[in-house]
Structure formats: structure tokens, C-alpha cells
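Please take a look at the protein below.

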Amino acid sequence: MTETAHDRLLIIDFGSQVTQLIARRLRELNVYCEIHPYQNVTMDFVRSFAPKAVIFSGGPDSVTREGSPRAPQEIFDYGVPILGICYGQQVMMHQLGGRVESGHGTAEFGRAYVTPSDERIELLAGWFLEDKEQVWMSHGDHVSEIAPGFEVYGTSPNAPFAITADLERNFFAVQFHPEVHHTPNGKTLYENFVRLAGFSGDWTMGAYREQMVEKIREQVGDKKVICALSGGVDSSVAAALIHEAIGDQLTCVFVDHGLLRKNEAQEVVGMFRDHMNLHVIHADEADLFLGELEGQSDPETKRKIIGKLFIDVFQKYADQIEGAEFLAQGTLYPDVIESVSFSGGPSVTIKSHHNVGGLPEKMGLKLVEPLRELFKDEVRALGRDLGLPASFIGRHPFPGPGLAIRCPGEITREKLDILREADAIYIDQIRKHGLYDEIWQAFVAILPVRTVGVMGDGRTYDYACALRAVTSVDGMTADYYPFTHEFLGETATRIINEVKGINRCTYDITSKPPGTIEWE
């Protein structure tokens, strides 16, 4: 838990797959919140966290099962508003004297419609735009008897207690999920809840920036910080924020492994060194990386080679910086959430690809993680507040191993050069058609096969490539972007005509799951 002066809301996680969406909705309303697994939430924790309100998330369990997740019983006497969602509603009813049952034909999964009671309450102000409101249900159990003090304020065909409330204690409970896209008016419920709870909406990126600058100065003092700068949004915003706090005490190391996109190294180093006056070391080690990767085709082997070399190279350049005691990382709040196991409590470390390949442990450095309270969209907002160019703030994600995982099979300089040119044309096409900001990630993969083609009067035997573009909220799930056939035809024609070495283009229409966004 991070110290902060903001009003706080506590989300107790009972294992729902969409709990992060609750936090995102609240952050959009300028409300600071944190997610904590139910088993970590004791009353001592609650008192130290000092929330102005609490939300119980959904979850996959059944409150009818002995040993299923519960909230601390004393939290109901803590004196703050509580909102229970789906399983969270059932927990409230069960612990406060109501009744929950399984089965009996009252399960609901998917779209449903809630109709209001005659009496309107503050939670529902402006919510029922007509005589019924669409919601998203996902429950097998159901409340069969509400707890003493609660009244019913909304029903659905299979949930007679779809919306209940104890107005005297400011306890509210809904059987549906207002945080998901399929409850179109769900944001209104959250707006009403935080308003009645007295939140001032003081969570802004401007305020966060000021607070974090002071915190970095306090943490670092007069010591030096090194940062692995990739040019992605997270490391770029982290570097800019830390530089604002401590200036020349920060040194960034940009490891150029020869697997970057066209002109990427020059753009990243140029922006940070020339336009933002950061001290940036350009570690051009392409020959080393490509030499070690020669002849390797197994995806995991390639990743391990790149990861090990990255650590060795970064450490080599970091050793040249005397007095460095801190390592900066662009860890985000979803990384922190995912490092806490719902069933087993906190895990030892954040996922390996978020801690720069294990560098903190190997180098014995202390961490500076100024973004660990933020979601991706908040990082972008902070970057805008810091004055970073829109071209960097809005960049699509780019993997640490770079083009290596977009080049299935053996990596060669020839294939990388072909891939860079094709990728540059593809992204240029997307930008020309005004589609870049609609897409989460787009790239070209060069396939490990050659195909027969006809160009002019001659036959060709060149590589095939696959175009990939997906839409996503957080990268956990994704769907392919529905380009028009005109766009795909125009783009394929440009690539084949302008890139020597490619004679065939395909478009990857696989969603995630079952596929992944990247090819390796």
C-alpha cells in the first residue's frame, strides 16, 4: 500500500475477472482506489488504509460453501458506505442476516433488464433513463431473502433483489456488474456512489505529478538513479517524471539490441537527449545480440538469449555510472495487482518481464517505481501533463525482445531489414487512414516460408508476411481490427511493390484467446 493524501476507496477483491474494471471506472471519476484480496483485508489494515467507502467485488465462489470468501465482520460497523457487486451482494446479505441459495432456475448469465421500484434513491439518480435499464448478469446463486434493514429498489426477471439498499447505513448491493461495457449506464451508479460517499474527486495527474516529484526527491536524496529506457510509454513517462524530480542525478541507458523498428533508436535517443536534455547512454550492441541469436529458431531460447544479454549489457553500462544506488522501472498498477495471488496472498516478485529481467536482484539496487499506482491510461495522461510529444504518449506497445518475436524461426539481418520496411509502410498506412488511435497494437510478422509469386514477367520466390492489428483495453484479451478490404488491398500492394523480399501478404484475424497478440 502506498502512502497518499487523497481520499481513498478500498476494493475488496473476491476473485472476479473484472475487478480491475471497477478500479478503472473509479479512477476515471478522479477517485483514488486500491484493490486488495479479501484474505489480506483485516480490520487493522482497514483502519490504516482509512477508506471513505468500500466496494465488494464479484467472485466465482458460492457463499453457501463452507470456507468461501468473506469480508471482516467488523467492517459493517466501520461507518462508511459499502457497495456490494454480484458475489459482493451475496456476501453482504449472508453476513448481515439475509439468505443466499444456489440453483432453482434463477441463474442469469449475460444481458438482462432491471426495472425500478416506485421509490428512487440517490444511488440510482439519473440511472433509469427509461422504464428499464440494461445490465450484465453473471451469477448462479441468488439472494432469496434480503438482510434486515434492506429494501428492494430494482428487479430483473431472475433476480427479484437486483438492487437493494439499507439507506440508514449507506449500504448498497447489486446483483449485476456495473463496471463492464455491457452495462451501458454503469458509470452513473459509480458516480452516484462516490458522490454520496463524499469523495472530492481530488485524484488528478497534475496533483499526482506534484506529489510524486516530492516523493522521489525524498526517496533518492542526493544519490544517482539509472533507468532502462526503451522508448515505450511506461519507461518514457517514468524517465521524464524522475528527471523533473532530480535532474542530472538520472542517467538513462537505451539498449539497442538490433531488433528495433525502423529509425527507432534515433527517434528515442534524439527526443530524450536533444529535446528533453536527459543524460542518455546509447548502448549500440546489435552485433552482440544478433551474433548470439544466429542459428537459433526456438522462441523460448531466443527470449532467454535476449534477456540474459540485456542484463549483461545494461550492467556493463550501469557500472560506468559512479554512485548509482537506484534503478527506475515503469511498473504499473495492473502489474502490482497481478503479482498478488487471489488464492495465496502476495507473491514474491512482480512478473519477470516487468522488472527488467531481474536486474534489481542481480545489481543490488533499490527500486524507484513512480508509476506503480497508475493504470495505462493514467500514465498517458501523466505523460501529456509532463509535456511528452503525442507521438510517444500514444505509441502502441512494443515487446522487450523487439522484432525477434515477430520473426518466427531463425533471425537474420536480411529478414530484419525486410520486416522493418514492411512494418514502417503498414504503420504509415494506418496513420494515413486515421486509424492509429483506434488500434491497441499493430505490426507485421515475417513468416519463415518463401512463396512463389509473379512480378512483371518473372517468377519470384520471396517471403510471406502477416499483418496483425488488434483492439483491446489492457492486452489481456483482444480482437482483430476490422479493416476494410480496400485498406488491406492498398496496404498489401504497397508492401509488395515497395519492399524487396516480400511477395505475399496475409491478415491475421485470430482473437486472444485462443491466440496471443504477438506471434512468439
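What follows is a short tour of two elements and their neighbours. The model is predicted.

**Helix α5**

- Helix α5 covers residues 205–220, which makes 16 residues.
- From first C-alpha to last, α5 reaches 22 Å, close to the 22 Å expected at 1.5 Å a residue.
- Its buried residues are Met205, Tyr208, Arg209, Met212, Val213, Ile216 and Val220.
- Seen down the axis of α5, these buried residues fall within an arc of 135°, so they line one face of the helix.
- Glu210 and Glu218 sit on the other side of α5 and are exposed.
- Just after α5 comes Gly221, with a positive phi of about 65°.

**Strand β11**

- Strand β11 spans residues 171–174, and both of its faces are covered.
- Phe171 and Ala173 are buried on one side.
- Phe172 and Val174 are buried on the other.
- In a regular strand the side chains alternate between the two faces of the sheet.

**Partners of β11**

- Strand β4 (residues 82–85) runs parallel to β11, joined by four bridges.
- In this pairing, Ile82 stands opposite Phe171.
- Strand β10 (residues 159–166) runs antiparallel to β11, also joined by four bridges.
- Here Ile163 stands opposite Val174.
- The hairpin of β10 and β11 has four residues between the strands.
- Asn170 in this hairpin takes a positive phi near 60°.

Definitions and conventions. Residues are numbered from 1 along each chain as its sequence is written. This is a predicted model: local features need pLDDT of at least 70, side-chain atom pairs count only at pLDDT 80 or more; totals for chains, interfaces and linings use all residues. Side-chain values use heavy atoms; hydrogens and water are left out. Helices (H or I, at least four residues) and strands (E, at least two) are DSSP runs, numbered from the N terminus. The expected span of a helix is 1.5 Å times one less than its number of residues. Buried means under 20% relative accessible area, exposed over 50%, partly exposed in between (1.4 Å probe, protein chains only). The arc is that of the directions from the helix axis to the C-beta atoms. Two strands pair if DSSP finds at least two bridges between them.
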